[in-house]
Amino acid sequence: MKRSILPLLVIFSGNIIFAQERTISSVDFMAAVKEQSPRYRISSIDVDIAKEKIESASSVDDITLQASTKYYYSENYQQSGTNLTENSSGLRNSVSAEKRFSATGTEISAVFDQNIYTEHGVEDKDYYNPAVTLGISQPLLYNFLGSVDRFAKDDARMSYEISKLQQQLDDYETENYYSPLYADWGGYRQIVALSARHVANAETLYAQVRRKKNAGLVENDNVQEAYSSLLNYRRSRDNYTLQLAKIEAAIEQVVGAGYLPDTSHLSSRIKQI
């Protein structure tokens with residue numbers, strides 16, 4: 001019974017380890033790269049900032065609206081004609097709007113003022129004084145025809161286009177690095193598996209040649225040749241295993257451990273070989 005339990009435990013443990021590994025496609029892998037890559041995130045933030053600067057530069061064309069109201073009360077006790085004014089109270093209201101046209105640098109404004117007040121005395125008198133002011137200004141030197149205003153907007157647009165191009169370049173460089181890395185990941189796993197098979201075959205061949213040598217069927221040179229071939233296969237397997245370990249270390253920095261590449265297309269080709 002003891003002899004049968006141990007293999008079952010080994011097989012069961014192997015199944016648990018295998019179940020924890022999940023296959024990740026190249027599309028999902030590249031999506032994870034873009035999500036985890038600091039360079040990609042920084043370029044995305046730069047694009048967003050450049051877009052905000054366009055809106056900030058375009059604010060020069062906004063309409064500015066201002067409004068204010070003021071209540072006042074004063075005591076003066078002064079003669080006003082035939083009416084002795086004891087005090088006065090009222091409201092001063094003001095509403096103004098300004099608009100600048102960055103295409104020409106022209107700024108227009110409109111102001112509406114009204115003063116509503118009452119003089120309190122022997123007789124109360126109400127007054128209403130409205131006023132409308134229209135204005136226009138045109139720079140004649142540095143911002144003539146809106147050259148400065150347009151420069152700020154054009155500069156923001158160019159910065160936005162440059163940031164988008166930089167993002168595309170970063171995406172291209174990132175994809176050029178990680179896409180071949182994913183392909184190498186699957187390729188080297190298959191190569192390591194093939195190398196292990198070659199080593200196993202070489203070990204079998206070496207054992208057969210040694211038996212034939214002991215039986216006097218082959219010379220010692222044949223044994224040395226088989227052993228040299230075995231060493232070469234082992235060396236290749238170890239080199240491929242080392243390269244695979246480096247690739248998997250880089251992969252784990254992006255998606256973590258516990259993933260396997262999709263090698264279905266490679267497996268079908270290897271079976272044909």
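What follows is a short chat about this predicted model.

Q: How much of the chain is buried?
A: Of the 273 residues in the protein chain, 25% are buried.

Q: Take contacts between residues at least 6 apart in sequence. What share joins residues at least 24 apart?
A: That share is 66% in the protein chain.

Q: Now some single residues. Where is N93?
A: N93 sits in strand β3, which covers residues 83-101.

Q: Is N93 buried or exposed?
A: N93 counts as buried, because its relative accessibility is 19% and the cut-off for buried is under 20%.

Q: What does N93 touch, leaving out residues up to four places away in sequence?
A: N93 touches S68, T69, K70, F112, D113 and Q114. With T69 there is also a polar contact between the side chains, at 2.5 Å.

Q: On to E107. Which strand is that in?
A: E107 is in strand β4, residues 106-121.

Q: Why does E107 count as partly exposed?
A: E107 has a relative accessible area of 21%, and partly exposed runs between the 20% limit for buried and the 50% limit for exposed.

Q: Which residues is E107 in contact with, neighbours within four places aside?
A: The contacts of E107 are E98, K99, R100, G135, I136 and S137. The side chains of E107 and R100 are joined by a polar contact of 3.4 Å.

Q: S137 is on that list. How far apart are E107 and S137 in sequence and in space?
A: E107 and S137 are 30 residues apart in sequence, and their C-alpha atoms are 5.2 Å apart in space.

Q: Let's switch to the helices. Where is Q167 found, and what is it in contact with beyond its neighbours within four places?
A: Q167 is found in helix α4. Its contacts beyond those neighbours are S43, S44 and V47.

Q: Is Q167 buried or exposed?
A: Q167 is buried, with a relative accessible area of 17%.

Q: And N220, where does that lie?
A: N220 lies in helix α5, residues 220-255. At 39% relative accessibility, N220 is partly exposed. The C-alpha atoms of N220 and V209 are separated by 9.1 Å, and these two residues are 11 residues apart along the chain.

Q: Last topic, cavities. How many are there of 30 Å³ or more?
A: The count is one cavity of 30 Å³ or more. The largest cavity has a volume of about 30 Å³.

Q: Which residues line the largest cavity?
A: The lining of the largest cavity is M30, K34, Y40, D171, T174 and E175.

Q: Which element gives the most to that lining?
A: Helix α4 does, with three residues. Both α2 (26-36) and α4 (147-214) supply at least two residues each.

Q: What classes of residue are in the lining?
A: By class, the lining of the largest cavity has three charged, two nonpolar and one polar residue.

Definitions and conventions. Residues are numbered from 1 along each chain as its sequence is written. This is a predicted model: local features need pLDDT of at least 70, side-chain atom pairs count only at pLDDT 80 or more; totals for chains, interfaces and linings use all residues. Side-chain values use heavy atoms; hydrogens and water are left out. Buried means under 20% relative accessible area, exposed over 50%, partly exposed in between (1.4 Å probe, protein chains only). Contact means heavy atoms within 4.5 Å. A polar contact is a pair of N or O atoms within 3.5 Å; within protein, one must be able to donate a hydrogen and the other to accept it, and residues adjacent in sequence count only if both atoms are side-chain atoms. On a 1 Å grid over the protein atoms alone, a cavity is a set of points where a 1.4 Å probe fits but cannot get out, and a pocket is an open set with protein on both sides within 12 Å along at least five of seven lines; lining residues have an atom within 4 Å of a point. Grid points are joined across faces, edges and corners, and a volume is the space filled by probe spheres set on the points. Ala, Val, Leu, Ile, Met, Phe, Trp, Tyr, Cys and Pro count as nonpolar, Asp, Glu, Lys and Arg as charged, and the others, Gly among them, as polar.
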